[in-house]
Amino acid sequence: MTTPPSVRELSQTAQRKIGRVTVVRLTAYYVCAGALLLLMTGLFPLGPTPPGQAPPPTEMGEALTWIRGQLSLFPRGAPVWLDAVVQMIAAVLLVVPVAFVYVRTRTRLKYDHSIVSTVIVLPIVVCAIVVVVRDSLALAFSLAGIVAAVRFRNNLKESGDAVYIFGSIGIGFATGIHAIAVATVLSLFFVLLELALWKFNFSAEFEHTFARLCMPSGADLAAISSATGELPIPVTKEEPEAEADSARRTRLVRVYVDQVDQARPVVEAVLQRDAKAWSLAGTRPSDGGPGILEYRVRIRKRVDLDTLRERLLREGAPHVVAADDSPADQL
Amino acid sequence: MTLPPAVGARDHVQGPASARVTLVEYADFECPGCGQAYPVIKAVQKAFGPNLRFVFRHFPLVASHPHAAMAAEAAEAADAQGKFWAMHDRLFEHQTALEDADLQRHARKVGLDLERFERDLRTQAYQARVREDAAAGKSCGVRGTPTLFINGVSYAGSVEREALVLALARAALTARESHDNAALGT
């Protein structure tokens, strides 16, 4: 029987490592993006007031603004299209770290590749809409009407993914109204907060979060129940073990055959009978060499992988030459 | 490279003689490359089951691996007690522990008669046997380890699982085609 872990142990198991590479890359990226944004906004000043027409400076802050205006390529204000381009580039630059953090904080199962592209592209669209609408109430109402007419019925894989969409919209909106500084702060805070939440795993199950926030570190976990007023629930390590066991029993099985068409029905009959679940992940035709049938297979407890492989070889003969396997996440 | 000597009764063989494909390995127990190839070959054997026959031959690189020859002799001494493959696995799994005392420990773990094992090593009873393997390897062009032959043809590809499985599967199918053609008299 496993002994329940203490609050300290539970807290430690809940923590994750962000990794030096992630921190270094994000920092380097923000430094480069910041420099680029400063350069761009210096060369093409944003906003409706042409900096070149500002009165002569009387204070240091005004002097800097005036100098930037004098140095800019468009002292009388950049054309609208260029203004929009700069805003959109700023939006993309600031949203890339958000997408990066999305990838870093998701597992293979929770990862949704469409979110990454959505998060990167969405601020450009939002920025463009804001540039178009700007101060026109009529255009704003038209936009509201159009948005209301379009129905999006797409369920997100993770409810947390919605935050990334909103973050992306926020960055697009801020850059669209020339508030690049606000967009930068939003991007930075978003990234830092998401990484911190992921690292400390505050979205873990109740025991982890409650123990870390509300219990002394040396306390016995049994005390959680009395602290919450619930009936004691035995806390064991069985759940992660069951998860690991489940991952171990899902394999990618590659069956090497002479003729794909002839071997496939035989192989699938064996899988149908002896595997808990299976699906064809891909086939490679036998052009001058062995054909390969790739299956994602969930192994039964009573028919282990070696037995399944032995049956594939025996019943699949003479078409089946070999049956190799690897973890299913290598697909 | 020329063909390696045919698989004979003196060889260490796993798998049936009727297997579609024969994999011969010339290896050195102290060679890190052979150590990396060891789990790959184990996996490949599982993948092919009765379709693969695996043959192990000694090729100790004594100039660079001072413990290799003695380890090979230890494996042969274990073979004399019917435990070659157990010792083979043990040596590859403990490649950095091949001193005399380590070999004694491995022999005890494998379940050998220690007295006989020690005597065989002390008298170098199997030195000639190991040298024969190495000489045969040299004669067919083996220069380093691990060197693999698939159905008698030298394998120059990567000793990684997927690449090796693919090469063996290709050889197995080629062998069957040749066999079918011979049977049809074409």
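In which loop of chain B is Gln124(B) found? Gln124(B) is found in the loop between helix H5 (114-122) and helix H6 (127-139) of chain B. This is a predicted model, in which local features need pLDDT of at least 70 and side-chain atom pairs count only at pLDDT 80 or more, while totals for chains, interfaces and linings use all residues. Residues are numbered from 1 along each chain as its sequence is written, chains are lettered from A and ligands numbered from 1 in the order in which they are written. Helices (H or I, at least four residues) and strands (E, at least two) are DSSP runs, numbered from the N terminus.

**Chain A overall**

- Chain A has 13 helices and four strands.
- Of its 331 residues, 26% count as buried (20 or more other C-beta atoms within 10 Å of the residue's own; exposed means 12 or fewer, partly exposed in between, with C-beta atoms placed from the backbone).
- Among chain A contacts (C-beta atoms, placed from the backbone, within 7 Å) between residues at least 6 apart in sequence, 73% join residues at least 24 apart.

**Strand pairing in chain A**

- Strand E1 (residues 250-257) and E4 of chain A pair in the antiparallel sense over seven bridges; two strands pair if DSSP finds at least two bridges between them.
- One residue of this pairing is Leu252(A), whose bridge partner in E4(A) is Ser326(A).
- Strand E4 (residues 320-327) of chain A is mostly covered, with six of its eight residues buried.

**The sheet of chain B**

- An open sheet of five strands runs in the order E1-E3-E2-E4-E5 (chain B), with mixed pairing.
- Strand E1 (12-14) and strand E5 (153-155) of chain B are the edge strands, each pairing on one side only.
- From one strand to the next, the twist averages 25 degrees (axes are lines fitted to C-alpha atoms, for helices over the stretch in contact, and angles run from 0 to 180 degrees between N-to-C directions).
- E4(B) and E5(B) run antiparallel and are joined by three bridges; Phe149(B) has Ser154(B) as its bridge partner in E5(B).
- H1(B) packs on the sheet, where it touches E1, strand E2 (21-27) and strand E3 (52-58) of chain B, and its direction makes about 155 degrees with that of E3(B).
- H6(B) also packs on the sheet, touching E2 and E3 of chain B, and its direction makes about 110 degrees with that of E3(B).

**Helix H4 of chain B**

- The buried residues in helix H4 (residues 100-110) of chain B include Leu103(B), His106(B), Ala107(B) and Val110(B).
- Viewed down the axis of H4(B), the buried residues fall within an arc of 100 degrees, so they line one face of the helix; the arc is that of the directions from the helix axis to the C-beta atoms.
- An α-helix has 3.6 residues a turn, so residues three or four places apart point the same way.
- Exposed residues Ala101(B), Arg108(B) and Lys109(B) sit on the face of H4(B) turned away from its buried side.
- The partners against which the buried residues of H4(B) pack are helix H2 (68-80), helix H3 (84-93) and H5 of chain B.
- Gly111(B), with a positive phi near 95 degrees, follows H4(B).

**Backbone exceptions**

- Most residues other than glycine have a negative phi, and most peptide bonds are trans.
- His178(A) is not a glycine but has a positive phi of about 70 degrees.
- The loop holding His178(A) lies between helix H7 (161-176) and helix H8 (180-200) of chain A, and His178(A) counts as buried because it has 20 C-beta neighbours inside 10 Å.
- Gln124(B), also a residue other than glycine, has a positive phi near 50 degrees; Gln124(B) is exposed, with 12 other C-beta atoms within 10 Å.
- Ala317(A) and Pro318(A) are joined by a cis peptide bond with omega about 5 degrees; Pro318(A) is in the loop between helix H13 (305-316) and E4 of chain A.
- Thr145(B) and Pro146(B) are likewise joined by a cis peptide bond, with omega about -5 degrees; Pro146(B) is in the loop between H6 and strand E4 (147-150) of chain B.

**Contact between the chains**

- Chain B puts 14 residues into the contact and chain A twelve residues.
- On the side of chain B that touches chain A, helix H1 (32-48) and helix H7 (161-184) of chain B each supply at least two residues, and H7(B) gives the most, with seven residues.

Conventions
Two residues are in contact if their C-beta atoms, placed from the backbone, lie within 7 Å.
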